[in-house]
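Hi everyone, thanks for coming. Have a look at the model on the screen, and then I'll walk you through a few parts of it.

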Amino acid sequence: MSKVINHSLFTDYDIQLFRSGTHYRMYEKMGSHPIEVDGQQGTQFAVWAPNAQQVSVIGDFNGWNNQEHPLSPRWDSSGIWEGFIPGIGKGTLYKYSIQTKHGNYIVKGDPYARHWEIPPKTASVVWDVDYQWKDDGWMKKRAEKADQAQPYSVYEVHIGSWKKKANGNSLSYKELGEELVAYVQKMGFTHIEFMPVMEHPYYPSWGYQVTGYFAPSSRYGTPEEFAYLVDQLHQAGIGVILDWVPSHFPNDAFALAQFDGTHLYEHEDPRKGFHPDWKSAIFNYGRNEVRSFLISNALYWLDRFHADGLRVDAVASMLYLDYSRNEGEWIPNEYGGRENLEAISLLKDFNQAVYKDFPDVVTIAEESTAWPGVSRPVYTGGLGFGQKWMMGWMHDTLEYFKRDTIYRKYHHGNITFSMIYAFSENFMLPLSHDEVVYGKGSLMTRMPGDEWQRAANLRLLFGYMYTHPGTKLLFMGGEYGQPSEWSHEDGLNWGLLDRPVHEGVQSWVQTMNEYYKDTPALYEKQFEQDGFEWIEAGDAERSILSYVRKGKDGSPIQLILCNFTPAPHQDYRVGTTVAGTYKRVANSDDKAYGGSGMVTKETVETSDEGWHFKNYSMYVDVPPLAMVAYELVKEKIAVKEMEEKQPKAKKKEKKKAA
């Protein structure tokens with residue numbers, strides 16, 4: 001076997017950027033790269049280990065012997081060790097043998113590895129992702145729509161448990177590229193969000209304990225096969241959002257923790273470097289090389305795998321130094337406060353880097369506090385995210401829905417409170433995986449009443465969500481009312497769709513997706529105050545909400561009524577600001593969805609009688625436990641409006657004549 005040839009992919013400028021924390025394409029230089037040097041095929045290696053005495057590449061090609069292929073330290077004190085090994089290429093198993101400053105040897109996987117062995121094995125794999133993309137149409141359309149308001153109806157998926165085979169195994173990326181793509185397309189979701197696909201050793205962590213930040217999990221196939229899955233989704237008109245976890249990483253001996261024998265990627269002091277909730281390490285956001293690693297990783301998934309967005313996990317844990325800590329267990333910042341200034345800076349740099357290079361994608365923050373400006377531009381003092389999960393809406397809404405319907409009138413504020421702050425951020429309404437685990441019950445079982453009422457409540461919940469301002473997210477299984485909690489081991493129970501009650505819920509979600517996508521009033525101003533108007537928010541006695549959704553000029557307004565009790569209401573009078581003919585366009589109580597099938601007026605006309613402090617009103621039928629939507633199909637100028645538009649002179653003449 002040939003020895004190591006002294007060769008580098010780095011320029012002096014690369015090193016300058018890396019050391020300043022602003023090299024956001026480090027994956028092009030670091031890690032392992034199959035290339036040709038001086039006519040020889042082989043692999044270039046580069047790893048950051050500034051406190052090591054020696055670094056060698058070990059693998060199946062040299063019997064895992066740490067004396068055979070030592071790398072050379074760069075002369076510029078960057079801490080990077082590098083070298084070219086002829087004769088090895090794609091598919092080679094390898095690790096780094098690192099001699100620490102204390103003289104002992106540790107073995108580590110490659111932080112920048114593009115591929116890993118299937119867990120529980122832990123070797124990195126030399127890989128060069130070679131995939132011919134066929135999503136040009138999608139990417140072109142994505143760029144053209146970058147500055148336009150768009151609907152986001154997101155289907156959240158855990159790859160390993162969406163569907164299990166008869167033998168209990170998960171579907172592969174290629175199999176998902178057929179079955180999952182067809183299902184999501186049929187259901188009408190605009191996007192799919194994958195819980196972390198990055199390599200992780202512990203399957204029950206759901207992917208949130210990442211060890212291979214640059215590698216799709218090999219449990220389901222190769223990186224090319226993951227690219228195929230994304231490509232198939234794009235060709236089917238479905239966007240792809242990836243969960244990204246820069247908040248913490250596990251302490252596995254083969255991975256990032258104490259990488260060169262020192263706390264390199266993480267803080268040394270456990271008051272800053274250890275996460276009490278997840279028993280994991282916290283990145284040192286103030287170390288420039290770590291910043292380059294993290295932001296490069298984010299851009300890698302957008303660049304090489306055509307991801308359409310990144311949902312950033314556990315942002316609140318990054319923002320606060322005292323997150324989940326008691327007094328004395330955390331260190332204040334330089335000003336004596338609890339804000340993590342280094343993490344705040346990283347998040348701002350991350351968002352600016354993403355939107356600079358990929359202005360047509362979206363970043364989404366899972367942030368559970370009232371931190372101001374999460375989804376506001378950095379230049380205005382915000383963190384720069386495109387959207388933020390509306391955790392308060394999720395909590396209040398589910399708290400309201402779990403109550404017996406006869407008591408809901410006493411908790412009416414829970415269902416209306418979200419509108420007080422709905423436009424303070426660009427909110428996404430999440431009904432996520434976190435809401436169907438750890439004894440919380442599924443969405444279906446959290447609804448009160450008998451089976452019919454639970455299903456009706458669930459359809460009502462979805463109708464309310466899809467017509468509430470903000471984008472939408474629904475975790476897999478919720479769309480057909482799976483009664484059991486989600487289990488990453490068992491997968492979803494697709495056999496339930498043989499029962500009309502579950503098929504009806506699924507059909508309603510399908511209808512809501514199409515209604516949302518096809519109705520500009522529901523998404524054109526989903527982040528703007530003037531896209532929403534209460535008609536009546538105070539009818540607590542009957543537990544009925546009525547409101548209007550509006551888009552840009554020319555978009556037909558939508559009048560929405562939600563009845564949160566089983567009591568139907570014939571000829572319920574509702575006010576409106578626009579006179580005309582309204583047509584019923586959605587009804588969750590329709591028999592097609594498993595509803596009661598109560599006969600309701602298909603079209604209604606307004607009268608000039610004011611109601612609910614509006615100029616006009618109409619009488620509609622409101623079914624039990626249902627959301628009903630009406631669209632203005634023909635506007636007319638009513639008498640009051642004509643009088644208001646008459647010139648003052650004519651009004652005076654009319655008065656004089658009288």
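So, how many bridges join strand 26 to strand 27? The answer is 3, and these two strands run antiparallel. Strand 26 covers residues 580-587, and Lys583 stands opposite Thr603 in strand 27. Two strands count as paired if DSSP finds at least two bridges between them. Helices (H or I, at least four residues) and strands (E, at least two) are DSSP runs, numbered from the N terminus.

Before going on, some housekeeping. This is a predicted model, where local features need pLDDT of at least 70, side-chain atom pairs count only at pLDDT 80 or more, and totals for chains, interfaces and linings use all residues. Residues are numbered from 1 along each chain as its sequence is written, and side-chain values use heavy atoms, with hydrogens and water left out.

The open sheet has 6 strands in the order 22-23-24-29-26-27, with antiparallel pairing. At the edges are strand 22 (532-539) and strand 27 (603-605), each pairing on one side only. From one strand to the next, the twist averages 20°. Angles here run from 0 to 180 degrees between N-to-C directions, and axes are lines fitted to C-alpha atoms, for helices over the stretch in contact.

Now the helices. Helix 12 lies across strand 23, strand 24 and strand 29, at about 40° to strand 29. Helix 13 packs on the sheet too, touching strand 24, strand 26 and strand 29.

Tyr183, Lys186 and Met187 in helix 3 meet Gln506, Val509, Gln510 and Asn513 in helix 13; contact means heavy atoms within 4.5 Å.

Next, helix 9 (residues 391-401): 8 of its 11 residues are buried, meaning under 20% relative accessible area with a 1.4 Å probe, protein chains only. Among the buried ones are Trp393, Leu398 and Phe401. The buried residues of helix 9 pack against several elements, including helix 10 (412-416) and helix 12 (451-467).

Last, the inside. The largest nonpolar core has 174 residues. A core is a set of buried Ala, Val, Leu, Ile, Met, Phe, Trp, Tyr and Cys residues joined through side-chain atoms within 4.5 Å. Trp162 is one of those with the most contacts inside it.

Notes. Buried means under 20% relative accessible area, exposed over 50%, partly exposed in between (1.4 Å probe, protein chains only).
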